[in-house]
Amino acid sequence: MSVSHDDGESLFISDLHLTPDQPATLDCFLRFLAGRARAARRLYILGDLFDAWIGDDDDAPLHRAVRSALRELTAAGAECAILHGNRDFLIGRAFLRETGCRLLPDPCLIRIDGEPTLLMHGDRLCTDDLAYQRFRRRVRHPLVKRLFLWKSLASRRAIAADYRRRSAEANAEKTATIMDVNQQAVVDTLRRHGATRLIHGHTHRPADHVHEVDGRAAQRLVLAEWRDGVGEALSHSASGWRRLAIE
């Protein structure tokens, strides 16, 4: 995929963790889709749009509102691409059909101004968190996903709520270093894909980093979490890169 600097604005967001418990963040996102995002050429959502996604058949009001707003965005002409996050990796074909969004692989290599840019959610880079990586491999096994989706909505909601509780308890006992990306994993990933820029979320630590890969400088741009009705989007346009506050 090639994105040219004169081909309109691209926006990158992640980690909205939309949930009924955060109505201000939902309202902020809906305003963003109806306004700032619609004025852009394309929107990339790099995972964890939802705090939990238990299947495309979930008819919760929040999910209906988001699907409708995304459909209006793409119908207006903006492109929208999504990566699976660790909370919403069950987003499937029905969601994509209804919203007009496109699912990208993780990682996904694109070109922006001719520069190879890698898009990821970011959890795969947290290789020091061995327990999480084991859990990730297990729950993403096709058979495990199929068995989960066969359960009733009520059962899936209960399982998801229990997972969020246990995840919060486990994370409270982990050090900040373990939950951040592993620097060597970043360098190895950039080298493997021949990328000179990496954009990801997941860690909720927005910052711009520079890594040395085989004697060359490579940039890593970390996206911000949305919370309490405030978000952030990374923008690329003819005027360059900048971070936008979304309220």
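Let's start with a pair of side chains: Asp 58 and His 63 are joined by a polar contact of 3.1 Å. The model you are looking at is a predicted one, so please read each distance here as a computed value.

Where does Asp 58 sit? You will find Asp 58 in the loop that runs between β3 (42-46) and α2 (61-75). Is Asp 58 buried or exposed? Its relative accessibility is 4%, and buried means under 20%, so Asp 58 counts as buried.

His 63 is one of the partners of Asp 58. The side chain of Asp 58 also makes a polar contact, of 3.0 Å, with the side chain of Arg 157. If you set aside the neighbours within four places in sequence, the residues in contact with Asp 58 are His 63, Arg 67, Leu 153 and Arg 157.

From here we can move on to helix α6, which covers residues 153-172. With 20 residues at 1.5 Å each, this helix should span 28 Å, and because its end C-alpha atoms lie 29 Å apart, the model agrees with that expectation.

Which residues of α6 are buried? They are Arg 156, Ala 160, Tyr 163 and Ser 167. Look down the axis of α6 and you will see why they belong together: the buried residues fall within an arc of 60°, so they line one face of the helix. That set of buried residues packs against two other helices, α4 (130-139) and α5 (142-150).

Terms used:
Residues are numbered from 1 along each chain as its sequence is written. This is a predicted model: local features need pLDDT of at least 70, side-chain atom pairs count only at pLDDT 80 or more; totals for chains, interfaces and linings use all residues. Side-chain values use heavy atoms; hydrogens and water are left out. Helices (H or I, at least four residues) and strands (E, at least two) are DSSP runs, numbered from the N terminus. The expected span of a helix is 1.5 Å times one less than its number of residues. Buried means under 20% relative accessible area, exposed over 50%, partly exposed in between (1.4 Å probe, protein chains only). The arc is that of the directions from the helix axis to the C-beta atoms. Contact means heavy atoms within 4.5 Å. A polar contact is a pair of N or O atoms within 3.5 Å; within protein, one must be able to donate a hydrogen and the other to accept it, and residues adjacent in sequence count only if both atoms are side-chain atoms.
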